[in-house]
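Please read the briefing below alongside the sequence and the coordinates.

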Amino acid sequence: MHALRHLALGTRLLATALLALPFASPAYAISSSAAAALSPQDSDSGLDVHAVRRELDSFQSAQISLRKAMAIAEALHSGSITADISFDGASEPAVYRVKTMQQNRIWQHAIDASTGQVIGGEPPSPLASLGAEDRDNLVVLRALRHRLADAVRVAEHTTSGKAISGGLMRERGKLNFVIVVLTGSDLKEVILEPPGARKR
């Protein structure tokens, strides 16, 4: 999945206006497109082109959407919210790896991308076990009205694609949702700044 995130980072282009979508101003979206045709030079940058293609093929055949996997993970612990999710097509079976937060605990789950079943399970980690920046990001996330699921919905609508991962990124004091979407054979990154996300 890290290879897919790397591919989605490229020249950023302004995306369509989002006025009618759940993120009203001051939210914005930026998308960047990865070249559809992976070239031999990609292997020079450390990317395994065949592994990336296998991962994308696995994602395209998944029966469970990323949004559905988020809903499944959040339903496991009442009141939890998703902080990070990514598709892992290299595992057997392919899964969504979901991190949810409930009060001061972080849960990590693997959701089967074909059946929606929860695979395995780990005890929660305390929020205090995270680094200061991650902790601050999650505290801000908990206080926001918008959720990662809202950002995924906006990103998929804007790009007419299917989200393959989503998470948080802080840039210049702002906490943004970062969603990677597969549109046709292109990966696009959509960045949304929810209202109230600026660091105080």
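In the residue classes used here, Ala, Val, Leu, Ile, Met, Phe, Trp, Tyr, Cys and Pro count as nonpolar, Asp, Glu, Lys and Arg as charged, and the others, Gly among them, as polar. The model is a predicted one, in which local features need pLDDT of at least 70 and side-chain atom pairs count only at pLDDT 80 or more, while totals for chains, interfaces and linings use all residues. Residues are numbered from 1 along each chain as its sequence is written, and side-chain values use heavy atoms, with hydrogens and water left out.

**Overall make-up**

- The protein has five helices and 10 strands, where helices (H or I, at least four residues) and strands (E, at least two) are DSSP runs numbered from the N terminus.
- Of the 200 residues in the protein, 48% are buried, a term that stands for under 20% relative accessible area, with exposed meaning over 50% and partly exposed in between (1.4 Å probe, protein chains only).
- Among contacts (heavy atoms within 4.5 Å) with a separation of 6 or more, 57% are between residues 24 or more positions apart.

**Helices and what covers them**

- Helix H4, residues 132-143, has 12 residues and reaches 17 Å from its first C-alpha to its last, close to the 16 Å expected at 1.5 Å a residue; the expected span is 1.5 Å times one less than the number of residues.
- The buried residues of H4 are Asn137, Leu138, Val140 and Leu141, and because they fall within an arc of 160 degrees when seen down the axis of H4, they line one face of the helix. The arc is that of the directions from the helix axis to the C-beta atoms.
- An α-helix has 3.6 residues a turn, so residues three or four places apart point the same way.
- The cover over the buried residues of H4 includes strands S3 (81-88), S4 (95-102), S5 (105-112), S8 (162-171) and S9 (174-183).
- In helix H3 (residues 66-75), Leu66, Ala69, Met70, Ile72 and Ala73 are the buried residues, and they too line one face of their helix, since they lie within an arc of 160 degrees seen down the axis of H3.
- What covers the buried residues of H3 includes S3, S4, S5, S8, strand S6 (118-119) and helix H5 (148-159).
- Helix H2 (residues 49-60) also has 12 residues and reaches 17 Å from first to last C-alpha, close to the 16 Å expected; its buried residues include Val49, Val52, Glu55, Leu56, Ser58 and Phe59.

**The largest pocket**

- Rolling a probe the size of a water molecule over the atoms shows where empty space is left.
- On a 1 Å grid over the protein atoms alone, a cavity is a set of points where a 1.4 Å probe fits but cannot get out, and a pocket is an open set with protein on both sides within 12 Å along at least five of seven lines; lining residues have an atom within 4 Å of a point.
- The largest pocket holds about 340 Å³ of space, where grid points are joined across faces, edges and corners and the volume is the space filled by probe spheres set on the points.
- Its lining consists of 14 residues, of which Ala83, Asp84, Lys99, Asp134 and Leu138 lie nearest the centre of the pocket.
- The elements that give two or more residues to this lining are S3, S5, H4 and S8, and H4 gives the most, with four residues.
- By class, the lining has six nonpolar, three polar and five charged residues.

**Backbone features**

- Most residues other than glycine have a negative phi, and most peptide bonds are trans.
- The peptide bond from Glu92 to Pro93 is cis, with omega near 0 degrees, and Pro93 is placed in the loop between S3 and S4.
- Gln103, found in the loop between S4 and S5, has a positive phi of about 55 degrees although it is not a glycine, and its 56% relative accessibility makes Gln103 count as exposed.
- Ser160, in the loop between H5 and S8, has a positive phi near 55 degrees and counts as exposed at 67% relative accessibility.

**Single residues**

- Arg97 has its place in strand S4 and counts as partly exposed at 39% relative accessibility.
- Not counting residues up to four places away in sequence, Arg97 touches Asp84, Ile85, Ser86, Asp88, Ser91, His109 and Ala110.
- Pro194, in the segment after strand S10 (186-192), counts as buried at 2% relative accessibility, and its C-alpha atom is separated by 8.4 Å from that of Arg145, 49 residues apart along the chain.
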